[in-house]
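Here is a short tour for anyone who likes to see how a fold is put together. Take a look at the model first, and then we can walk through it.

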Amino acid sequence: MKLLEFEAKEVFGREGIRIPKGVVVRKGEDLPPHLEEIGDRVVVKAQVDVGGRGKAGGVLMADAGNASEAVQHLFNAHIKGVPVNSVLIEERLPIEHEYYVSIAIDRSKKEPVILFADTGGVNIEETARTNPDAIRTVAVSPLFADVPAFLLRELTGTAPAGVRDAVNRLYRVFCKNDALLAEINPLVTTPNGVYAADAKLIIDDNSLARQGIAVNRDLTEREKEAEKHGFSYVELEGEIGVIGNGAGLTMATLDLIDHFKGRAANFLDVGGGADQERVKHAVRLVAGMPSVRVIIVNLLGGITRCDEVARGIIEAGVSQEVIVRLAGTNEEEGRRLLAEKGYRMLGSMDETVRAAVEATA
Ligand code: GDP
Ligand code: MN
C-alpha cells in the first residue's frame with residue numbers, strides 16, 4: 001500500500017529523520033490561521049500518489065500570505081490525471097544541495113538494496129538513463145539492524161555525516177515497516193541541517209495486518225471483494241475475463257491470451273477445492289468488470305469437482321458468454337450440465353483461448 005507524502009513523512013519523522021514544518025489541508029477545509037508560523041515562504045504540495053509532481057505542476061512556491069491561491073489552484077487541478085484531495089503546506093527549505101536515496105528489495109539477491117546519488121531532485125530518472133554510474137548501490141543483509149558504517153561510506157562518498165545518518169534511519173524505516181520501497185528525493189542539506197524534502201513509502205500488502213493497517217485503501221471495491229473470498233485477483237486492462245485454479249494454470253491462460261493477441265481483463269485464481277459457491281462468486285466478480293466481454297473458465301478438477309464448477313457457472317447466470325474448459329473429477333457430469341444450458345466447452349486450452357479472442361475481435 002502506498003502512503004502519501006505527508007503520511008510517509010510522519011513515519012520518517014518518528015525514526016528521527018528531520019522533516020520540514022508543515023500542515024495538511026483537505027479539500028473543503030479552511031486554511032489554518034497563522035500560516036506564517038510554518039514559514040514566511042512556503043511550498044504547497046499536492047498529496048497524490050504519483051511521481052514527478054514537481055514537473056507536473058503539483059509543487060508550488062508561495063508566501064504564507066497568499067498560500068490560499070496555490071491551495072485552491074491545486075484543488076482545482078489534476079496532477080497526471082489524479083484529482084487532488086489534500087495538500088501539504090510546508091516551510092520552504094533553503095536548499096543547499098539535493099541528494100537521492102531509495103531503498104527497495106533486490107529480488108535476485110533477496111536483500112534490501114540502497115541506491116544513492118549526489119545529484120538528487122526532479123531529474124533523477126534522466127540521470128539514471130544518461131549517467132547510471134552516478135547512482136551508487138549497496139545491498140544490505142536484512143539481518144543488520146543498521147547499515148554497516150563502511151557500506152554507508154561506500155554509498156554516500158563525501159556527503160556530510162548528517163546525510164549518512166539520514167540514510168541509515170531510512171534503512172531502519174524500511175525494515176521496521178516491511179516496506180517494498182522507502183525513498184527520499186530530494187534529501188537536502190540546508191544551513192539548519194539535513195531534511196527529507198520529499199518522502200515515499202510503500203508497504204508490502206502481505207504485511208498490512210502485521211503493520212496494524214486494517215484496510216488496504218489501494219484496492220478497488222472488486223479487489224476487496226476478491227480478498228474477502230480468498231481469491232488471488234488482479235485487474236488488468238483487457239476485455240477477456242479469466243478464472244483458473246492454481247496460479248500456474250491461470251498464468252498460462254494469460255500467456256496464451258497474449259499469444260493469440262487478445263487482452264486479459266484480469267487474473268483470478270480461485271484456489272484449490274473450489275466449490276459451487278466459490279465458482280459462482282468468481283464468475284460474478286469478473287463479470288462485474290465493465291470492460292469484460294467474454295469470460296474463460298479454465299479449471300482442472302482434482303479436489304475440485306467439475307460438476308460443482310458447472311453448477312457454479314450456471315448459477316452465476318451472467319450476461320457475458322462464459323467459455324469453459326473443464327478436465328478431471330466428474331468431468332462428464334460437469335459437461336452434461338453445461339451442454340444442457342448451451343455453454344461452449346472446448347477441449348484444449350488453445351481452442352478455448354482462441355474462441356475467446358475471436359469473440360472480442
Ligand atoms: P516530486 O516532483 O513529486 O518528487 O516532488 P518533490 O517533493 O520532490 O518536489 C519537487 C522539487 O521541488 C524538489 O526536487 C525541489 O527542488 C523542490 N522543492 C520541494 N520542496 C522544496 C523546499 O522546501 N524548498 C525549495 N527551495 N525547493 C523545494
Ligand atoms: Mn521527489
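Two strands count as paired if DSSP finds at least two bridges between them. Keep in mind that this is a predicted model. Strands β3 and β7 run antiparallel and are joined by five bridges. They belong to an open sheet of four strands in the order β2-β7-β3-β4, with antiparallel pairing. Because β2 and β4 stand at the edges with a single partner strand each, one side of each has no neighbour in the sheet. From one strand to the next, the twist averages 25°.

Here are the strands of this sheet with their residue ranges:

| Strand | Residues |
|---|---|
| β2 | 22–26 |
| β3 | 41–46 |
| β4 | 59–63 |
| β7 | 86–91 |

Helix α1 packs on the sheet, where it touches β2, β3 and β7, and its direction makes about 50° with that of β7.

The largest nonpolar core has 35 residues, of which F12, I114, L187 and L201 touch the most other members. Helix α5 gives the largest share of this core, seven residues. Among the contacts of F12 are L170, V173, I184 and L201. A second, separate core of 30 residues includes A282, V292, I313 and V322.

Which residues coordinate the manganese ion (ligand 2)? They are N185 (O) and D198 (OD), at 2.2 Å. N185 lies in strand β11 and D198 in the loop between β12 and β13, so the pair ties together parts 13 residues apart in sequence. Both N185 and D198 are buried.

Methods:
Residues numbered from 1 in each chain as written. Chains lettered and ligands numbered in written order. Predicted model: local features only at pLDDT ≥ 70, side-chain atom pairs only at ≥ 80, totals over all residues. Heavy atoms only, no water. Donors = N, O, S within 2.8 Å, 3.2 Å for Na, K, Ca; no water. Helix = DSSP H or I, 4+ residues; strand = E, 2+ residues; numbered from the N terminus. Buried < 20%, exposed > 50% of the residue type's maximum accessible area, 1.4 Å probe, protein only. Core = buried A, V, L, I, M, F, W, Y, C linked by side-chain atoms within 4.5 Å. Contact = heavy atoms within 4.5 Å. Axes fitted to C-alpha atoms, helices over the stretch in contact; angles between N-to-C directions. Lists of a residue's contacts leave out its neighbours within four places in sequence.
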